[in-house]
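Q: I would like to learn how to read salt bridges in a model. Could we work through them here, one pair at a time?

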Amino acid sequence: MTAPSSRRQIINLFFPIYLPAFLFAFSQSLLLPVLPLYAQSFNIPYSLVGLVLAGDALGMIAADLPAGMLMRRIGQKRAMSTGLVLTGLSTAGLFLAPTIAWVVALRALAGVGVSLFAVSRHYFLTEMAPPASRGRIISLFGGLFRLGRTLGPVVGGGMAVLFGLRASFLLFGAICLLALLVVIFLLPNLEVARDSDMEMVVSPFAHLWRMLREQFRVIATAGIGFLFMQFVRSGPTVIIPLYAANVLGLDVQTIGLVLSVSAALDMALFYPAGMIMDRKGRRYTIIPSALGLSLGLAVLPFTYNLFSLLLAGLLLGLGNGLGSGAMITTGSDLAPKRGRSEFLGMWNLVGDLGATGGPLAVGALADIIPLAHTGWIIALAGVMAAFIFGVLVGETKKRAQ
């Protein structure tokens, strides 16, 4: 596909999918500096604060598979709209939440909405992005998502200072409403393909079991590789702050500088990563990304001051940036025509399990072994991911449907 046609596709996708995704990522990251302090305002122990912070992840994990099944019934556009409504209302509801039980329930409900939005968004990208330009189209999506995640905490923190902790929840709801209006009026009505007219009378679980039988090998190889990739990608967000503070003795502001520099390099690589995926193949970004992240984690224990820690952070940012959009693109490549919505639900479930399990694994391992050794163990997940995608899965661009 020529570069001009690829650019036209990107322009055509800006309002229906890129803009809502950016708004959604921005609204979610508004809560990053607010939620921990908001949870503490209920005078609860740290364990319950952690439950509040993990509430949306629990909701996502529970809803990923049902989201793919529901999308077959109600269509992609309705599923995305429903996800925005659930997430916006449940998060805005935190403004009035009277007890911590209500807070946890609302966060879990928000996670259900996030799952509906994410799975239906992935389905849309899979259908609308041709394999020849899929890497660039999805990596740009990843870049805009990262931009939203970068800008949100600044605005959320400012809102909390000016108007109180709960004000960010109302802003979140307003942004979700804006994204909902964009989806309703600008997103094409893309229905999930059916095998026959009798499909609607078949149990939704029948489609799921059939997909699992037919795609078992793919899920057992590429799915496990995706799980390891999410492990190694999410680990540094926990390990770097802990190592910098507890071993190097750096203050919070300096740690924030290291993370910001790493994130800036990460964000700068999203479009080059997409071009490499389209021109050379997906594994030409996945394997360097996995090994780069592993190497960054492996050298972290040898850092001894701010400068050496910055170098390790840059290596981690390079690794993560090279993989921008790679897992979404790979999932799209592997998604079959029959059972596509259920497959993408399963793919998102694997990713959410890895993203949630990475920080949990770091915390559990750091309690029993030195932090440096924890980083090495997490780094092994990246090596395993590189092996799986390089040897067992191979190039998925050739298999795209």
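The dialogue below turns to the salt bridges of this structure.

A: This is a predicted model, in which local features need pLDDT of at least 70 and side-chain atom pairs count only at pLDDT 80 or more, while totals for chains, interfaces and linings use all residues. Residues are numbered from 1 along each chain as its sequence is written, and side-chain values use heavy atoms, with hydrogens and water left out.

Q: How many salt bridges are there by this rule?

A: Side chains of opposite charge can pair when their charged atoms come close. With a salt bridge taken as a side-chain nitrogen of Lys or Arg within 4 Å of a carboxyl oxygen of Asp or Glu, the count is nine.

Q: Which residue forms a salt bridge with Asp56?

A: Asp56 pairs with Arg107, with 3.3 Å between the closest N and O atoms. Asp56 belongs to helix H3 (residues 46–74) and Arg107 to helix H5 (residues 100–128), 51 residues apart; helices are DSSP runs of H or I, at least four residues, numbered from the N terminus.

Q: Is Arg340 buried or exposed?

A: Arg340 is buried at 3% relative accessible area, where buried means under 20%, exposed over 50% and partly exposed in between (1.4 Å probe, protein chains only). Its salt-bridge partner Glu127, at 2.7 Å from N to O, is partly exposed at 30%.

Q: Which residues are linked in a network of salt bridges?

A: The network comprises Arg134, Arg136, Asp278, Arg282 and Asp333. Within it, Arg136 and Asp278 have their closest N and O atoms 2.7 Å apart.

Definitions and conventions. Helix = DSSP H or I, 4+ residues; strand = E, 2+ residues; numbered from the N terminus.
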